[in-house]
Amino acid sequence: MRSAFRWRFLAVPLLVVPVGWLLFTGLGRDPRLIPSPLIGQPLPTISGATLDGDTFSSASLLGKPALINVWASWCTPCITEHPLLLDAARQHAGELQLVGVVYVDTTEAARAFLARYGDGSWPDVLDPSGRIALDLGVTGPPETFFVDALGVVRYRHVGPLTSEVLAEQLAAIGIGP
Amino acid sequence: MIPTIGHVAVVVGLATTLFAAAAFGLGGRRGDRSLVLLGRRAMYAALALALIASAAMVTSLLTHDFSVRYVVRNNAITTPPFYSFISLWAALEGSILFWTLLATGWAALVLHRFRDRAPALMPWVGLTLAMGAAFFFAVMTWPGDPFLRISPVAVEGSGPNALLQNHPFMGLHPPLLYLGYTGLAVPFAFGVAALITRRTDEEWLGIVRRWTLVPWIFLTAGIVAGAWWSYGVLGWGGYWAWDPVENAALLPWLTATAFIHSSMVAERRGTLRVWSHLLVVLTFWLTLFGTFVTRSGVVASVHSFTASGIGAWFLGALLVTLLAGVTLIVWRAPQLADRRAAGQPVSRESAFLFNNVLFLVISLIVLLGTLYPLAVEAVSGEKVSLGAPWFNRVGAPTFVALLFLMGVGPALPWGGASWRTLRERFALSVLAALGSVGVAWLIGLRAVAPLAAIGFAAFVLTVMGEEVVRGARSRARSRSEPQPAAAWRLVTHNRRRYGGYLVHAGICVMAVAIAVSATLGTDVTATLRPGEGLTLGAYRLRHDRLVVEPLADDPRVLETRAELTLSGPQSGPVVTALRDYPSSTTAIATPSVRSSLGEDLYVTLIGYDPASGSVTLRVFINPLVGWIWLGGGIVALGAVFAIWPERRRRVAVTAAAAA
Amino acid sequence: MRRLLVPVAALGLVILAAVIAGQLLRPAEPSSAAEQAKQLAAELRCPDCQALSVAESRTDAAAAIRREIAAQLAAGRSASQIRDHFVARYGPWILLQPADPLIWLLPAAALLAGLGAFGWWLRGGRTAGSRPAELPAPVDEVERRRVRDELEALDG
């Protein structure tokens with residue numbers, strides 16, 4: 001009887017501990033943060049017409065670190081991060097290449113956006129159907145990919161960039177402050 | 001001023017509930033009834049304080065008091081009063097306040113109703129309920145202060161969550177669901193009290209069964225209203241997406257339903273007592289789990305509130321409840337051991353037990369599915385999903401089996417049945433099932449799920465119909481009453497049983513409607529320029545014009561409207577829109593739903609081009625969807641019928657006693 | 001003859017249940033390319049919404065994926081190739097039903113455990129061998145309950 005008494009109670013920790021552990025591990029995480037399988041992989045080819053009427057191909061990026069920014073004129077957070085991109089382009093001119101991907105948007109609206117918030121004069125590839133974004137595994141603008149000089153994706157940022165993330169990740173692809 | 005009153009009410013509420021808990025605990029230990037009385041009065045005071053705090057919040061919302069952070073984040077000057085009012089429960093802190101109001105309300109109601117009854121149990125019931133309320137007051141005092149002030153005072157707020165201010169059902173669905181959730185604390189409290197006092201006899205079961213049914217009705221109505229809301233707002237043509245938060249509402253419903261059935265067996269046969277206790281604890285735990293899931297940001301969901309420090313508090317409460325509940329059951333397990341004999345495989349109790357097994361298996365499957373991504377991430381660090389295709393595939397067979405049991409159970413006699421009885425009781429219903437499947441097949445229905453649902457629903461309905469007719473006939477004969485009167489008296493004198501039948505009938509209606517709508521719907525997506533049209537089934541829609549203008553009652557909201565003309569059945573103008581809220585990056589759909597008995601025509605605007613005035617529409621024909629809501633209504637009606645007090649009999653018995 | 005009827009009927013029921021369950025568990029064979037595209041879309045998670053599939057969602061990303069599925073099917077790629085294509089871009093997160101045998105084994109285990117418990121209960125549980133079975137007299141029990149129900153109804 002006494003031993004039955006003791007063993008019975010083993011059921012309590014056996015149930016509570018795993019449940020507690022499982023839920024606890026979930027606490028600190030952001031469920032909206034999905035790691036990109038592209039990290040450590042070569043950047044998929046991005047090519048198409050640009051806002052300026054040229055054509056662009058990501059093959060031309062090789063040799064220098066690059067920043068691929070997926071944006072749209074209808075995307076409000078894109079407005080907040082836009083000055084950071086302009087800053088980075090100015091500050092690291094010559095060593096960093098910026099490329100915009102205009103996600104599901106019209107040419108006029110995108111042009112109006114740049115006219116209003118500042119045109120950094122880097123190529124903006126048009127992606128009216130979301131086809132290019134699909135290859136990048138984009139969930140929605142803004143998203144930014146940090147690509148090193150070898151053409152390998154090092155980091156993906158979902159949501160508007162912050163100056164901390166930008167400085168840290170630029171350093172990781174070999175762009176000093 | 002008003003927010004300060006609210007904040008003070010919350011802090012005093014914490015002190016009051018802690019005091020109540022202490023009074024109940026001491027009163028219970030010492031058997032001191034005056035302490036218990038004190039505890040009860042403290043809980044009434046806690047309800048008053050929660051009411052004051054909620055009123056303060058509602059006032060702050062209605063007066064757009066932008067010194068309060070919650071108001072800034074969930075309100076704007078242009079927000080209409082109705083949506084200002086329901087913002088009380090539309091976001092994290094406010095919903096906790098509302099929750100506290102309901103929890104203290106239930107506690108006060110129960111303590112008042114039982115002020116002269118079950119004196120041995122009540123101190124512990126009070127203790128459990130007071131601790132629960134204290135937890136919510138504590139959350140509002142520390143991590144989730146709804147009255148947190150900001151400085152400087154904001155000029156304008158960001159407005160309510162767009163998704164939650166687009167449909168009046170937001171005013172109905174959360175309160176119903178919360179009433180169900182919070183009410184399930186009552187059976188838990190009685191279960192704990194029974195275990196502590198070793199009074200695990202039929203007394204607590206009798207009390208708990210009734211007090212489970214009431215929150216169960218609210219939970220059922222809340223879930224159905226939620227599905228309806230999802231159908232009317234999310235604009236994808238469906239009503240149930242196996243979203244983690246939907247699952248969190250379904251889980252306690254499943255275990256509470258299992259308990260309602262197992263308690264009948266426990267009452268009649270003195271068996272399944274450990275089991276019933278487990279179900280009560282599990283049900284309450286799952287309501288907490290649901291809150292945790294919604295409020296901790298552990299899983300991503302349409303409904304989940306932003307992640308916050310509150311998650312850790314809820315996790316603590318979750319684990320303490322689990323620890324306490326399981327320890328109590330394990331501790332008292334020897335006293336709970338069943339006195340009973342081996343079961344007959346073909347008997348009512350075995351049907352009930354099998355029903356319980358299935359309910360628990362479904363609960364386990366839903367819980368596993370909800371936690372699976374979390375578990376995989378904890379083990380391997382990889383993000384995975386588990387969604388609707390899996391849930392439908394695994395859930396459908398179990399639900400069909402439950403449908404079958406629903407017909408078998410009530411018709412089987414307790415203790416076991418002979419072949420003769422079986423043949424007498426089931427011949428007609430099996431024929432009805434086969435007949436209706438045959439008819440459905442001849443009409444051209446080939447999908448398995450609806451065929452199974454139709455067959456089993458016909459089976460269940462015939463079994464129940466036969467029984468009512470048989471009972472009414474014998475009553476009419478023995479008391480020489482006219483048949484309709486006999487039938488009415490039969491059902492009103494046994495409300496529990498026939499209310500249950502009505503619930504089952506509602507479930508049958510829902511099952512057929514769900515199976516049919518999930519498999520037999522059609523849809524089309526098309527881009528139309530003004531003047532162009534599309535055809536789906538018997539319907540023809542013509543796109544007249546695209547209108548973009550601010551909403552009349554909230555000018556910050558920009559509405560893009562496609563004005564269409566429908567010809568065919570239910571012809572007339574149709575308007576479907578997308579609304580751009582300043583607080584949301586994606587536009588919120590306002591689908592147009594044309595309901596008829598047979599099917600819904602569901603039109604959503606998914607894209608537009610202002611330059612050419614062209615629109616992209618997605619149009620669905622959803623068969624029988626209206627019957628899902630109707631079935632839900634029948635279920636609620638049946639449950640209300642079942643718990644409705646039997647006045648006449650009471651009068652008769654009282655008269656007899658007086659004589 | 002009579003004695004055989006119950007087991008035969010039971011067996012028939014079990015077979016019927018198994019057939020129905022099997023049919024419900026098995027995904028239907030797609031009849032056309034459009035059907036197959038729809039089925040594939042229903043298995044992929046919409047990237048920019050919660051818990052909805054690509055087939056149901058109205059977002060831009062979902063629309064782009066639907067177009068891509070149709071294009072790839074037209075180019076003759078198989079369903080599993082298309083699934084892999086998206087997993088390579090979005091990660092396994094995009095699959096609403098991951099290729100993990102556990103998601104089938106766990107529910108099966110839950111069902112088996114439930115059936116086991118049911119069988120155990122039918123046998124009379126732990127008390128079967130040790131104590132003689134005693135059934136409470138059904139009539140008394142019912143009567144007693146009815147009296148108690150009446151009394152309870154009295155005090156509401």
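**Start in a loop of chain A**

Zoom in on A:V104, which sits in the loop between β4 (97–103) and α4 (107–117) of chain A. Before you judge any angles, keep in mind that you are looking at a predicted model. Now check the backbone here: phi of A:V104 is near 40°, a positive value in a residue that isn't glycine. Is A:V104 buried or exposed? Count the C-beta neighbours inside 10 Å and you get 21, so A:V104 counts as buried, the cut-off being 20 or more.

Stay in chain A and select A:P141 together with A:P142. The peptide bond from A:P141 to A:P142 is cis, with omega near -5°. As for where you are, A:P142 belongs to the loop between α5 (131–136) and β6 (143–147) of chain A.

Select B:S151 and B:P152 next. What kind of peptide bond joins B:S151 and B:P152? A cis one, and its omega is about 0°. B:P152 lies in the loop between α6 and α7 (173–183) of chain B.

Then jump to B:W242, in the loop between α9 and α10 (244–269) of chain B. Its phi is near 55°, a positive value in a residue other than glycine. B:W242 has 21 other C-beta atoms within 10 Å, so this tryptophan is buried.

**Two helix pairs**

Show helix α2 (residues 33–62) and helix α6 (residues 122–141) of chain B. Their axes come within 10 Å and cross at roughly 30°. Because angles under 35 degrees count as roughly parallel, α2(B) is roughly parallel to α6(B). Want to see who is touching whom? On the α2(B) side, pick B:V36, B:G39, B:R40, B:M43 and B:A46. On the α6(B) side, pick B:M122, B:P123, B:G126, B:A130 and B:A133. Colour that contact by class and you'll find 7 nonpolar, 2 polar and 1 charged residues. One more detail for this pair: the crossing of α2(B) past α6(B) is left-handed.

By class, the contact between α18(B) and α19(B) has 18 nonpolar, 7 polar and 2 charged residues.

**Into the core**

Time to look inside. The largest nonpolar core has 307 residues, and B:F190, B:L403 and B:A457 have the most contacts within it. Which helix gives the largest share of this core? It's helix α9 (residues 202–233) of chain B, with 18 residues.

Centre the view on B:F190. Skip its neighbours within four places in sequence, and B:F190 is in contact with B:L121, B:V125, B:W204, B:I207, B:V208 and B:W211.

**Last stop: chain C**

Hide everything but chain C and switch to a cartoon view. How many helices and strands does chain C have? It has 7 helices and 0 strands, so from the N terminus on, the elements run α-α-α-α-α-α-α. Of the 156 residues in chain C, 30% are buried.

Terms used: Residues are numbered from 1 along each chain as its sequence is written. Chains are lettered from A and ligands numbered from 1 in the order in which they are written. This is a predicted model: local features need pLDDT of at least 70, side-chain atom pairs count only at pLDDT 80 or more; totals for chains, interfaces and linings use all residues. A nonpolar core is a set of buried Ala, Val, Leu, Ile, Met, Phe, Trp, Tyr and Cys residues joined through C-beta atoms within 7 Å. A residue is buried if 20 or more other C-beta atoms lie within 10 Å of its own, exposed if 12 or fewer, and partly exposed in between; C-beta atoms are placed from the backbone. Helices (H or I, at least four residues) and strands (E, at least two) are DSSP runs, numbered from the N terminus. Two residues are in contact if their C-beta atoms, placed from the backbone, lie within 7 Å. Axes are lines fitted to C-alpha atoms, for helices over the stretch in contact, and angles run from 0 to 180 degrees between N-to-C directions. Angles under 35 degrees count as roughly parallel, over 145 as roughly antiparallel, 65 to 115 as roughly perpendicular and the rest as oblique. A crossing is left-handed if the near helix is turned anticlockwise from the far one by less than a right angle, and right-handed if clockwise. Ala, Val, Leu, Ile, Met, Phe, Trp, Tyr, Cys and Pro count as nonpolar, Asp, Glu, Lys and Arg as charged, and the others, Gly among them, as polar.
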